[in-house]
Amino acid sequence: MSFDKTKITLPDMNRRSFLKSSAMLTMVGAASGSLLSRGAQAQSASKLTMSGSHWGVFRGRVDHGRLVEVTPWEHDPHPTPMLEGMMDSIYSPSRIKYPMVRRAWLEKGPGADPEGRGTGDFVRVSWDKAIDLVAGELTRVRKKYGSNGIFGGSYGWKSVGKFHNCRTLLRRMLKTTGGFVNSLGDYSTGAAQVILPHVVGSLEVYEQCTSWDVVRDNTKTLVFWGCNPVNTDQIGWLIADHGAFVGLEEVKKAGIRVICIDPIKTETCQYLDGEWLAPRPQTDVAMMLGIAHTLYAEKLHDEEVLKKYTVGFDKFLAYLIGKEDGTPKTAEWASKICGIDADIIKQLARDFAKNRTMIAAGWSIQRQHHGEQSHWMLVTLCSMLGQIGLPGGGFGFSYHYCSGGSPTATSPILGGITDGPAAPATDLPAGCHPGSTESACQPKSNSIPVCRLVEALLHPGRTIKYNGSDIVLPEIHMVYWAGGNPFSHQQDRNEMVEAWKKLDTFVVHDFQWTASARHADIVLPVTTSYERNDIEQLGDYALSHIVPMKKLVEPMYEARSDFDIFSDICERLGKREEYTEGMNEMDWIKSFYESARLESRAKGMEMPVFDTFWQSEEALGFPVKEAQKQFVRYADFREDPLLNALGTPSGKIEIYSLNIEKMHYDDCPPHPTWMEPIERLDGPTTKYPLHIASNHPIYRLHSQLCGTKLREKYAIGGREPCWINPKDAEARGLKDGDIARAYNDRGQILVGIKVTDVIRPGVIRINEGGWYDPVNPREPHSLCRYGDVNNLTTSVSTSKLAQANCGQTAVVEIEKFTSTLPPVEVFVEPRKAG
Ligand code: PGD
Ligand code: PGD
């Protein structure tokens, strides 16, 4: 059986599509050479300087102090066009030039005119003044409210580099100077990373997958379930290696059957000529249950595997066949919810069971209300199929992320800056001293789930549940951010804007005028990673090289590194020496390298000394053993489930969790369960007719690069694009290039229309990360002129278990915008900040 296989030519899948000229590629690298050959290559000096980024390794050509050309590394198997935007981020008109303070805050004090945040009325101050203000405010807030008055759990994708890791540098400063409220979890896998330790005993989402080679040689059916590696493997948390593109090419050549379950016919589906199934968004658990029911009804499930490697199937079965609630989760039942024909659901069950099937799942399916259930149900489904731990079978939860499945090299772990040697004096209320026995001085919880900051600001003192514990939301008066863009990543922008009014002070370090910087009281301009030295590893899973990230150009304007800024703040607070440990940038970089060199020696390898490496203009490569190329996730567990027991209470896969049962959460029962999200396409209580897929952008990393020329590649009428199916467009009189207003009760944004049949009817796609640009920041629910989708999403948490974000939960309506178009203003510095 095969589903829709329409062929669509795919732009940008040509290898090296970004290469400007082959003449640039003369320098010899040694991806497969010995470690020592690097030293030799150090001699072949070049005017090009090597560095790395989330988008890959590259060399930059500098002319008269200006970066004029960026060339991807010759060993990058699939350079991303995003690298082009990287260069522009140094020179873009959105660059923050000087330290700035919001006028009302400066003139009237902390908390003054909170409605004025975002209006762009800033005053330029000297660095000395700025440092005094920040140090003074940290002291004031700690004195008055205790260390819990400061939130420093600053979340975000920052830049790569082991030293200029600004989030850690911020925590180091806050920890060294007296404590702060931290954050738990992340926005990427918030739900899955909390449920999966209960199910398989590890985070799983960040674990290595069965290698692409093994998939190529063994998998018969490869399912991408809400998973689009051709897009999302363009970037890395460390420097991107793009190894997944090699794997995908092999899969294509091998002619493996590919099925994509996604409301969008993804770039991956198109590239691999996959069969496309488009369920209603947020109904995957129901669809999986329908497949599971068929497996059981047709006796296709693997009883032996379930018995030997899992616990709790019997209890789940009572639910599956309807003994628990009177509703058997048949394919017909599932079909009504997810919109996929019952016959297709049944056929999927048969095909999966008959063939070696690998299910590669992305993360959007857990970034939804009750998102914990999707990955749990997928593990359950794969347990029933009985192929976990077999070559090419089971599941992989990071094929789409940082090139999971690229074999891991035998390399040392390169250390990085830590949050500091100081003991965490983090959580003492004001006026208390460490060791006090007074009840008022007992340490309070000082970490909150990362997306609950807005809730904390609106409801300080509220107790929330979290993974079996209670957390009292602290009373926060000061928020400090470095390396993230909360006015992009947090859901329900207008709620957030209201919450921010409760703050006395918001400090932001960035190099560009993001919406977060615009809503700050104190804005400190930092260097890009191209204006400083650093060091990083290549490939989160591959760990194949150590890359020198050399400074390309001098800092622009008055930009300083986060480290230098925090060192000065520490100095004001009498802690410079503790903070810096007496070391500068190059001392730290060298120390990370030298520790790795020692570790590598213990592994029988000899890395060149630091100076040789640093001068080499080349990445240092490590070998990949055959065993890693043949890696099969869970093979050891399958081989011996006692010796290689999982980290769950039973040591097995937990289809039913007694630990979760004990928590008694109404929104996270002890076995995978279908629960209606608060809103969904065609849902029982849904008010708006269209679901928004707020996917990860093709030409951006979240909001990074939105302020660059790269925008010209995708913006429509200067706005964030909105994909819409021809049927939905026609019903609304919309055509390509129109500007439309997407809205719901939470907010409204302008978008540029792209009509396309690669999206399911009833669904529109507006990528996350578009910069927030309200027409009038003082006006509640003001229209966002550019298209920040998080004006429309809900801030409800996934459940009491993970308290994670639901970026993929939102329904809306869209209409042609016929009023006078307001100009987009967010991509240049605020009017009064020049
Ligand atoms: P970025 O755009 O990467 O977004 O949210 P995140 O905050 O990570 O922001 C990084 C910021 O750090 C940028 O402003 C950049 O300029 C700055 N920066 C870079 N380098 C440095 C540096 O060296 N120093 C300092 N001080 N700043 C630096 C992303 C988040 O969004 C994530 S990870 C996910 S997975 C979520 N995804 C979705 C989603 O799928 N759907 C919706 N609706 N919403 C989401 N939000 C989340
Ligand atoms: P998304 O694009 O949000 O990526 O990885 P993640 O897998 O979360 O969603 C993947 C696919 O799921 C999309 O094709 C979408 O249409 C589909 N989808 C959405 N809702 C549903 C649903 O309800 N059911 C089904 N079956 N499918 C659904 C994100 C990962 O990407 C993360 S967390 C980060 S931090 C990185 N971010 C970026 C980035 O910003 N830009 C790029 N180019 N690459 C990234 N890689 C990483």
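Let me start with ligand 1. Around ligand 1 there are 34 residues, where a residue counts as near if one of its heavy atoms lies within 4 Å of the molecule. Those that come nearest are Trp-157, Ser-159, His-489, Asp-510 and Ser-703. This is a predicted model, so local features need pLDDT of at least 70 and side-chain atom pairs count only at pLDDT 80 or more, while totals for chains, interfaces and linings use all residues. Residues are numbered from 1 along each chain as its sequence is written, chains are lettered from A and ligands numbered from 1 in the order in which they are written, and side-chain values use heavy atoms, with hydrogens and water left out.

Back to ligand 1 and its polar contacts. A polar contact here is a pair of N or O atoms within 3.5 Å; within protein, one must be able to donate a hydrogen and the other to accept it, and residues adjacent in sequence count only if both atoms are side-chain atoms. A polar backbone atom of Asn-485 is 2.8 Å from an oxygen atom of ligand 1. Glu-768 places a polar side-chain atom 3.5 Å from an oxygen atom of the ligand. At Gly-807, a backbone N or O atom lies 3.2 Å from a nitrogen atom of ligand 1.

Next, ligand 2. There are 34 residues around ligand 2, and Asp-262, Asp-284, Ser-364, Gln-368 and Pro-697 come nearest. An N or O atom in the side chain of Asp-262 is 2.6 Å from an oxygen atom of ligand 2. Polar backbone atoms also take part: that of Gln-282 is 2.8 Å from an oxygen atom of ligand 2, and that of His-702 is 2.8 Å from an oxygen atom of ligand 2.

Now the domains. By an automatic or database domain assignment, the chain is divided into domain 1 (48-90), domain 2 (100-188 + 410-621), domain 3 (191-400 + 641-655) and domain 4 (690-816). I will look at domains 3 and 4, whose centres, taken over C-alpha atoms, are 28 Å apart. In contact, meaning heavy atoms within 4.5 Å, are 29 residues of domain 3 and 27 residues of domain 4. The buried area, which is the accessible area (1.4 Å probe) lost on putting the two parts together, summed over both, is about 2100 Å², with 58% from carbon and sulfur atoms.

How many polar contacts and salt bridges cross this interface? There are 15 residue pairs in polar contact, both at pLDDT 80 or more, and 0 salt bridges, that is, a side-chain nitrogen of Lys or Arg within 4 Å of a carboxyl oxygen of Asp or Glu.

Elsewhere, the structure as a whole holds 58 salt bridges. One of them joins Arg-597 to Glu-594, with the closest N and O atoms 2.8 Å apart. Both sit in helix α23 (residues 585-602; a DSSP run of H or I, at least four residues). Because they are 3 residues apart there, about one helical turn separates them.

Key:
Helix = DSSP H or I, 4+ residues; strand = E, 2+ residues; numbered from the N terminus.
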